[in-house]
Amino acid sequence: MLSLESVTKRYGSLTALSAVSLTLRRGEFFGLLGPNGAGKSTLMSLVAGLKQPDSGRVLLEGEPLVLSRLDLRQKLGFVPQTIALYEDLSAEENLRIFGRLYGLSGARLKERIQQCLTAAQLVDRRRDLVKRFSGGMQRRLNIVAALLHEPSLLLCDEPTVGVDPQSRNAIFEFLQQLNRQGLTVVYSTHYMEEATKLCSRIGIIDHGKLLALGTLDELLTHLPSTETLRITSSGAGSGRIAGLESFGSVSVTADATVLALAPATRLSSVFAHLEEAGIPASAVQLARPDLEDLFLHLTGKSLRDA
Amino acid sequence: MSTVLVLLRKDIVGFLRDRTAVSLTFLVPAVLIYIFGQVFGVERSSSGPVGIPLAVVVQGPASAAADAITASLRQEKAFRVMTTEKDAQGVETVLTEDRVRVLFRENKLRYALVFPADAQSDTSFGLKVRFLNNPRNDIETQMVTGLLQKTIFTAAPAALLDSLRKRAVSFAGPARTEAFYRRLAENVAANFGGDAGQIYDDLMSGRLPSGTGSSGAQGAATSSSTAENFLDRILKIESEQLSGQKVKNAAATRSVGGWAIMFLLFSVSGAATSLFDEKKAGLFLRLLAAPVRRSHILWSKYLFGMLLGLVQLTSLFFAGRILFGIDVTSNFGNLLVICLATSTACTAFGMLLASIAKSPAAASGLATFLILTMSAVGGAWFPTSFMPDFIQVLSKFTLVYWSMEGFLQVLWADCTLVELLPYAGVLLAIAAVVNTISIWRFNRGSLFE
């Protein structure tokens, strides 16, 4: 569906993307995870055909994406980070404009506008000016405006920035539904939770380099441990729990004792040991490592701090 | 107090970092004060117009009075006196009245002084001249008329009297001439007052009789008025308006174009700088990700500006018709042509602003500065002839000047399409040059990044 072959993009002395290679299959929900300034938007703009790479190639269905190929853009839908809508026009007028730009007209345009307004739950507000919409409504319209022409690849550049949790969940469900219907989605975000929840495959990007690529499980295998047990101080008491080191590495913080389980450790034996030590089950929390841990492992810094 | 000082410091730092605010506060007023100063002669040793073309045509034989008046007019810095013109091959020919009328029609001349064949009749004492004029600018015309009267009234009588005396001597002999002049002096004294002997001496020496009237303060006043009466009787200036005779409301017709063009520039600049708003909203990203090129976006903006300009100008002229009775319908086709050319050039100007400015605030500040300066220099507020030579030259590089000229050609001179084409052509040429620069700037700039 989409291939990036050793793509590099520079802005003056700054290398925004460095030899990024990537292949997306049809129907994938691909997440691009990285902090602000990592190169996500640059990569999106290259795939959207807004910019040309300094070296390397971007191929859409085997054909090079170059600025002059307007026909290839029919296959793309792009949801910018900002609310890219004419706020002094109504929802319907906005969709009509964008639909016409993609060559839709007549009954087909009318039908698609109706479908998109329905999907965005804005049918009742179709004639209202966009500037009168709530942030969530604007975001939903911002997304469906990229879907009018039924693209085969949807590019979403951080589409939920500044959106309340309820609207965010509505957007997630909408995108997942589209993906289930066969739409390939590239979704850039700096929220680990979004990437984890939505994406079948994730690429982690920082300083223009693609650091890791794969499904969530594949990515987590990059970490030395897979699971962690956290025993709160209230449960463990003030002393050290004897014999815990035999199950993995132990670290003690002010409020908890943390056990990073060694590979192939049986959880049942650990819990039996804790029970014998008089630790109540309510004081024990089992945690799987997440993308935050992976990002920390790969870059030495937290995703939120980057 | 320290809180106030902290906030004050914040305002000062913010202001100094805002180059647009700084330029609007200091540069724009300075430039406009300079232009107004030039117009009203604050800086120059004398105020008034400079270098207005004035044709002088002598139809009869060479005359001392015509020569003297022409020489005096050449001394006036307000006029650039033309008695001949050069053709394309550089051949110089003496101007005729027919040729002068053509130049009026071509808007290359607004004032001409014609000494007709019977300027100095053999049978009557006096001088007759014709003043051809195109009073499309009333302030300028009033000043030109006043200056012409002053010059003629100063230079003509002496030359006239001396010429008359010499002709009389050669024709009738010295004795009979002296007798004639003595009787003339007695008649002048009898009719206008003064000492006949003094008048005789003045007449024989070629001077204007100055001793007419009573002596003393009251006498001085009477002397002045009687001298004017005397001049009025010996100098006859016929005025002929060659253009704008049918104009219904001259004052409104003269000024409507200037105001229209200024507001149009503000409108189209605002429309063009809306590009910044669309960029900020991320709309260019959405549009350029669609099957849309940069050129599509720019052309749509350009056509919108042209359409807006055309509608605004037409509306303003029709408002002028309703409010002031300006005749906009009798030459409506040509009015549309010049409005379209003006809109094209003004929109190009707006696009240039959008292409060179880095922010909407900068574009707005630059627009204010350039529009006010162009309006002042281009003649939208006052005649360019009131400004120094270099500003008059500069004004011809502004679209305001050519738009104003075009509007006046249509509304004042009732020109034909062929006569209007040079003005529309210059405006379209300005648009082409400015658009080329804009496209170059848009390609190099960051508007679409």
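A residue is called buried if 20 or more other C-beta atoms lie within 10 Å of its own, exposed if 12 or fewer do, and partly exposed in between, with C-beta atoms placed from the backbone. The structure is a predicted model, in which local features need pLDDT of at least 70 and side-chain atom pairs count only at pLDDT 80 or more, while totals for chains, interfaces and linings use all residues. Residues are numbered from 1 along each chain as its sequence is written, and chains are lettered from A and ligands numbered from 1 in the order in which they are written.

**View 1. A:Glu61 in a loop of chain A.** With 13 C-beta neighbours inside 10 Å, A:Glu61 counts as partly exposed. A:Glu61 belongs to the loop between strand E4 (55-60) and strand E5 (63-64) of chain A, where helices (H or I, at least four residues) and strands (E, at least two) are DSSP runs numbered from the N terminus. The phi of A:Glu61 is positive, near 50 degrees, in a residue other than glycine. Most residues other than glycine have a negative phi.

**View 2. A:Glu150 between a helix and a strand.** A:Glu150 is found in the loop between helix H4 (135-144) and strand E7 (153-157) of chain A, and its phi is positive at about 55 degrees although it is not a glycine. A:Glu150 is partly exposed, with 14 other C-beta atoms within 10 Å.

**View 3. A:Asp206 in strand E9 of chain A.** Strand E9 spans residues 201-206 of chain A and includes A:Asp206, which is buried, with 21 other C-beta atoms within 10 Å. The C-alpha atoms of A:Asp206 and A:Leu17 are separated by 9.2 Å, although these residues are 189 residues apart along the chain.

**View 4. Packing of helices H13 and H15 of chain B.** Helix H13 (residues 360-378) and helix H15 (residues 399-411) of chain B pack at an angle of about 50 degrees with their axes 8 Å apart, the axes being lines fitted to C-alpha atoms over the stretch in contact and the angles running from 0 to 180 degrees between N-to-C directions. H13(B) and H15(B) are therefore oblique to each other (angles under 35 degrees count as roughly parallel, over 145 as roughly antiparallel, 65 to 115 as roughly perpendicular and the rest as oblique). B:Met374, B:Ser375 and B:Gly378 in H13(B) meet B:Val400, B:Tyr401 and B:Met404 in H15(B), contact requiring C-beta atoms, placed from the backbone, to lie within 7 Å.

Key
Contact = placed C-beta atoms within 7 Å.
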